[in-house]
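Please walk through the structure shown here, one region at a time. The paragraphs below take you from a pair of helices to a chain contact, a sheet and a few backbone details.

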Amino acid sequence: MKSMNITINGRQTTAHEGEMIIDMAKRIGIHIPHLCLDDRLERIGACRLCVVELAGSPKPVASCTTPVREGMVINTHSPRILEARRINMELLLASHDLNCVTCDANRKCKLQRYAEELMVRDLRFEGDRIIRPVDNSSVSIKRDNNKCVLCERCIRVCNDIQTVHAIGLAGRGFNTRIEPPFGQNMKESACVNCGQCVISCPTAALCEHSDIQNVINALNSGKYLIAQTAPSIRATLGECFEMQPGKAVTGKMVTALKQIGFRQVFDTDLGADITIIEEATEFIKRMKEKRSLPMITTCCPAWIKFGEQFFFDELHHMSSCRSPQAIIASLVRTYFAKKIRVKPEDIILVDIMPCTAKKFEIQRPEFMGEADFVLTTVELSKLLKQLDVDFIHLPDTEFDTPLGESTGAGVIFGRTGGVMEAALRTVADWSGIKDFTKLDFKPIHGMRTMKTADIDLKGTKVKVCVVHTLGEARKLMEEIRAGKSPYHFIEIMACYGGCVGGGGQPRGSSSVLEKRAHALNEADSHKKIRLSHKNPSALKIYKEYLGDFGGEKAHRLLHTKYSRREVL
Amino acid sequence: MITDKEIEQALNQLQGDRITVGLATCGISAGAMPVFHALKNADIGLVEEVGCIGMCYNEPIVTVVKDKRRFIYGGVTESNVHRLISALKQGNVCEDLLVAKDISDLDFYHGQKRLVMGNCGLINPLKLDQYVAKGGYLALLRAISMEKQKVIDEMIASGLRGRGGAGFLTGKKWSFIASKKGKKYLIANGDEGDPGAFMNRTLMESDPFKIIEGMTIGAYATGCDEGFIYTRAEYPLAIDTLQKAISIAYKHNLLGKNILGSGFDFELSVRKGAGAFVCGEETALMHSIEGRRGSPSPRPPYPADHGIYGYPTNVNNVGTWGHVTVVFTLGASEFRKLGTKESPGTKELCLAGMVKRPGIVEVPLGTPLRKIVYDIGGGTSDGTKLKAVLTGGPAGGCIPEYLLDTPLDFETLKSLGSIMGSGGMIVVSEKSCIVDVARYYMHFTQEESCGKCTPCREGTKRLLEMLEHITSGKADKSTLDKLKMLSSFVIDNSLCGLGQNAPNPILSTLKYFENEYLEHIEKKKCPAGICDKLVTYLITGKCIGCGACARACPVQAISGNPKEKHFIDQSKCIKCGTCYAVCPVKAIIK
């Protein structure tokens with residue numbers, strides 16, 4: 001790559017050919033404000049906040065879309081640039097509802113941050129503002145266009161990365177707005193509730209549908225409160241309390257939930273272990289019968305809705321196994337309720353999930369009445385703060401038994417490739433490979449959105465594929481539809497990075513996501529038991545209650561069905 | 001291809017006895033269709049449809065050629081066509097409908113040099129033999145006999161500049177894409193969207209082969225094997241005409257595989273847009289063709305590197321493609337003899353607004369504006385003093401009366417704060433309010449902004465609001481400073497040409513008519529009496545006390561005894577203008 005000499009703010013530096021000014025600046029510690037730029041998305045140069053001055057150019061240029069040139073002389077904060085950014089901010093604010101103090105994004109909002117940094121003090125362009133209704137129709141995502149700055153990050157995530165096309169631009173000029181096609185609301189739209197739009201929104205135009213007040217009411221209802229926490233939460237919750245990314249806070253999380261009134265705190269990881277037991281059994285059966293291959297994992301509710309909408313003719317490839325969340329929910333209402341002699345209806349189960357789509361999953365008719373509420377990681381942190389929890393200084397507590405014991409295999413469910421790896425560990429063990437660490441899982445590690453591996457199970461070659469983001473899932477599904485898929489087993493997660501990058505997580509860059517995944521891998525490597533089917537609690541539940549792996553009762557309580565959904 | 005015999009026949013037909021009716025959109029909307037059918041059914045000889053000859057002010061137009069003599073009739077309508085028919089049947093001239101005995105008799109055509117529009121209104125747009133008889137396809141034959149690079153060299157030598165607005169050198173633009181390998185696209189931009197501009201539509205409707213021929217030359221030179229003519233769905237006749245012309249060209253091996261045995265292929269089709277002004281911007285246009293929302297994207301990458309479906313793409317205006325045919329018909333050196341050194345050739349213009357003879361005009365570049373507006377256009381429509389000429393549409397500006405001796409060329413217009421644009425030329429008289437003109441354009445731009453970038457989406461809205469404040473008397477002195485400040489912000493920071501040029505009408509009108517703005521702001525007065533909110537209606541001594549105004553007033557603001565002078569209570573008056581309109585003796589002034 002050619003190196004170029006650049007002068008930026010009077011400093012001499014070098015840049016790579018093809019590098020954009022804003023990226024080069026970032027590399028050397030110059031942060032240029034921006035709203036529409038997102039490293040994973042196509043650059044559209046829409047917000048114009050990142051303008052900089054170039055010697056020899058009569059007009060400022062957008063630094064996000066202007067490549068460096070040899071000898072370029074750049075000024076990122078000349079008086080003219082600062083004034084341009086200030087006017088730009090004032091224009092955005094003139095169309096904004098300015099309810100900062102009561103806003104979901106208060107103190108996390110990029111618009112607010114830049115308004116403060118640019119010291120916008122008076123709004124010179126106040127005039128008409130179009131007041132738009134808030135779309136509360138979805139159980140997962142709330143859309144408030146009064147806070148939208150039209151950076152189109154949500155659209156690009158939804159269309160380019162997820163290929164769901166639930167939202168787009170409508171109208172022109174000052175009447176331009178983001179909404180589902182033909183004025184539909186979010187519930188009617190093709191939205192799969194993944195929430196990737198929520199974590200890409202720089203303001204609070206998109207937020208999770210909040211269940212915090214419902215949970216507060218539940219905590220005061222006198223009922224038997226149970227919480228379950230998904231594998232990834234321990235690796236991300238700390239960030240909401242200004243802790244470093246990649247720091248697992250499992251013990252504090254359990255303490256906090258106990259402190260605010262949960263009688264039992266269970267680990268969804270156990271559900272993950274049971275998922276693996278059922279899924280591995282199902283997979284081996286399908287391999288033997290050479291039926292409905294490739295088999296696809298079904299832990300991700302956004303992926304399930306995506307499949308039901310766009311690949312309803314290929315649903316037989318999906319594992320019939322429920323998600324870990326739904327397995328714990330099922331067991332809480334049946335096995336556990338019986339055990340503690342509490343009527344199932346007197347239990348309130350709150351799921352702490354990385355995911356806005358789980359809010360939708362618990363309302364699927366087949367799961368109705370099992371879990372009561374889903375709180376995302378971000379919602380849990382808000383709840384804890386509201387309920388006076390000094391999170392950082394909490395001591396550690398263990399999960400409750402019997403639904404709190406888990407293996408290393410269950411923990412890695414929270415990152416891309418984890419479900420596949422956990423399943424293969426069990427399948428390998430059952431095939432007689434006693435040391436799974438000898439298997440090469442490297443090809444399915446990391447943040448590439450499509451990863452494949454050939455795993456040799458004592459002579460049987462298993463071709464596996466791991467994808468995250470629904471755009472990649474679509475490619476795989478089209479291959480399957482065309483009868484050209486070479487794979488036996490596929491893991492699909494809707495969110496980039498898997499659950500550590502879920503739509504209910506605090507926002508994080510790709511490198512933050514990697515740190516979170518690393519925390520889960522660490523937790524796995526420290527576990528004594530790292531095979532799902534060796535989880536003593538799981539085995540006990542099968543023995544006491546469920547019967548055989550993949551047996552009749554297991555099927556009734558741990559499996560489900562999928563059906564076609566019609567959307568535009 | 002057309003045989004020599006067919007060409008000879010077409011030539012005879014064009015020169016022989018023949019009645020033609022202008023059936024372009026302009027003629028049809030003026031009522032030419034029933035006239036055409038009446039003439040056809042009248043058994044008075046060959047009646048043929050032609051495109052638009054450019055005289056909007058005389059539509060519907062019927063031309064009768066008899067014994068080599070030519071009679072042009074104007075304003076022929078369904079109700080008076082029978083008089084024309086009976087006159088023709090008796091071998092007479094229908095004097096009251098007669099406009100002229102030949103085009104050369106009309107002031108409108110003096111000073112014009114019709115090259116690109118030369119066939120318009122004279123030939124049947126869908127008769128290839130007529131087009132060829134008029135010299136059509138000689139340009140293509142000449143081009144494909146040359147080496148590709150020589151074709152580009154000749155294009156560069158001709159100095160032809162893009163007729164869509166920016167005036168970039170066409171040959172140079174071609175050379176960017178010619179050097180690219182693999183799949184490439186060629187596009188004709190016919191998404192004409194300026195209010196008051198219709199020259200592209202006229203050319204597409206009246207002489208489609210000129211565009212197709214030009215594109216075929218361009219395709220040969222640049223090595224593109226596929227092209228699109230992009231126009232708006234609001235131009236149904238243009239779309240229909242182009243599609244038919246394209247299929248005729250295919251039939252005659254003027255499009256498709258191995259064109260005229262030269263071994264070169266070119267596939268051409270029409271693409272319709274939904275009618276967004278911003279789709280005239282190249283990148284937005286390409287998105288629209290791809291089926292995406294028509295909004296622009298930043299450059300780089302440039303269309304010549306990354307265009308339609310990611311392939312190198314060259315976009316030229318429909319008018320430019322017509323001029324390409326002209327260049328290769330005349331040859332570069334002949335072409336350069338027209339126009340000026342920097343702006344060679346002719347330019348087709350739409351003369352509109354408060355002008356006596358609105359229509360489509362083609363003049364050599366460098367022609368003084370005064371000549372266009374007065375000699376060709378006949379001055380203002382009501383004889384009032386001309387205030388300014390607006391060029392370049394909503395992205396352009398105004399040229400005040402005292403600068404009308406300015407020659408029409410790219411650089412001069414720019415130096416005066418306006419632009420050539422696509423060729424719209426709107427005449428504004430003393431009866432128009434210049435602030436209201438700026439407000440009108442800003443309203444247009446605001447509605448047509450794609451909404452993508454902040455400066456254009458939000459900035460044009462606030463500019464519009466400031467102009468509305470001025471025209472409604474709510475502005476103060478600081479408004480002008482704010483207007484200038486925000487205008488320059490929008491120009492500097494917008495993503496595409498739409499936003500970057502949107503404030504031009506404001507800055508340009510402010511430059512020449514700041515006093516008129518100040519009258520609105522300081523004296524709360526609109527000198528032209530256009531801005532409703534600033535008008536005061538007064539009843540003068542001419543009042544005869546008939547009471548018509550008092551009865552018509554919707555808010556009972558007028559009182560007075562019968563047969564005595566009436567009065568308007570200004571505190572009640574809502575300035576609707578009803579009294580002004582109903583007064584039988586024009587006793588009310590504003």
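In chain B, helix 18 passes helix 19 in a left-handed crossing. A crossing is called left-handed if the near helix is turned anticlockwise from the far one by less than a right angle, and right-handed if clockwise. Helices here are DSSP runs of H or I with at least four residues, strands are runs of E with at least two, and both are numbered from the N terminus. This is a predicted model, in which local features need pLDDT of at least 70, side-chain atom pairs count only at pLDDT 80 or more, and totals for chains, interfaces and linings use all residues. Residues are numbered from 1 along each chain as its sequence is written, while chains are lettered from A and ligands numbered from 1 in the order in which they are written.

Two packed helices are described by the angle between their axes and the distance between the axes. For helix 18 and helix 19 of chain B, the angle is about 160 degrees and the axes are 10 Å apart. Axes are lines fitted to C-alpha atoms, for helices over the stretch in contact, and angles run from 0 to 180 degrees between N-to-C directions. Helix 18 and helix 19 of chain B are therefore roughly antiparallel, a label for angles over 145 degrees.

Which residues meet in this packing? From helix 18 of chain B they include Leu463(B) and Met466(B), and from helix 19 of chain B they include Leu486(B) and Val490(B). Contact requires C-beta atoms, placed from the backbone, within 7 Å. By class, the residues between the two helices are nine nonpolar, six polar and two charged. Ala, Val, Leu, Ile, Met, Phe, Trp, Tyr, Cys and Pro count as nonpolar, Asp, Glu, Lys and Arg as charged, and the others, Gly among them, as polar.

Now turn to the contact between the chains. Chain B brings 26 residues and chain A brings 29 residues. On the chain B side, helix 17 (434-448), helix 18 (454-471) and helix 19 (477-493) each supply at least two residues. Helix 18 of chain B gives the most, with eight residues. The chain B side has eight nonpolar, seven polar and 11 charged residues.

Chain B also holds an open sheet. Its four strands have the order 8-7-6-9, with parallel pairing. Strands pair if DSSP finds at least two bridges between them. Strand 8 (267-273) and strand 9 (313-317) of chain B stand at the edges with a single partner strand each, so one side of each is left without a neighbour in the sheet. Six bridges join strand 6 (185-190) to strand 7 (226-232) of chain B. There, Leu186(B) stands opposite Gly227(B). Helix 10 (208-222) of chain B packs on the sheet and touches strand 6, strand 7, strand 8 and strand 9.

Strand 1 (3-8) and strand 2 (11-16) of chain A pair over six bridges. They form a hairpin with two residues between them, and Asn9(A) in the turn has a positive phi of about 50 degrees.

Some backbone details remain. The peptide bond from Leu293(A) to Pro294(A) is cis, with omega near -5 degrees. Another cis peptide bond joins Arg299(B) and Pro300(B). His165(A) is not a glycine, yet has a positive phi of about 55 degrees.

Conventions:
Two residues are in contact if their C-beta atoms, placed from the backbone, lie within 7 Å. Angles under 35 degrees count as roughly parallel, over 145 as roughly antiparallel, 65 to 115 as roughly perpendicular and the rest as oblique.
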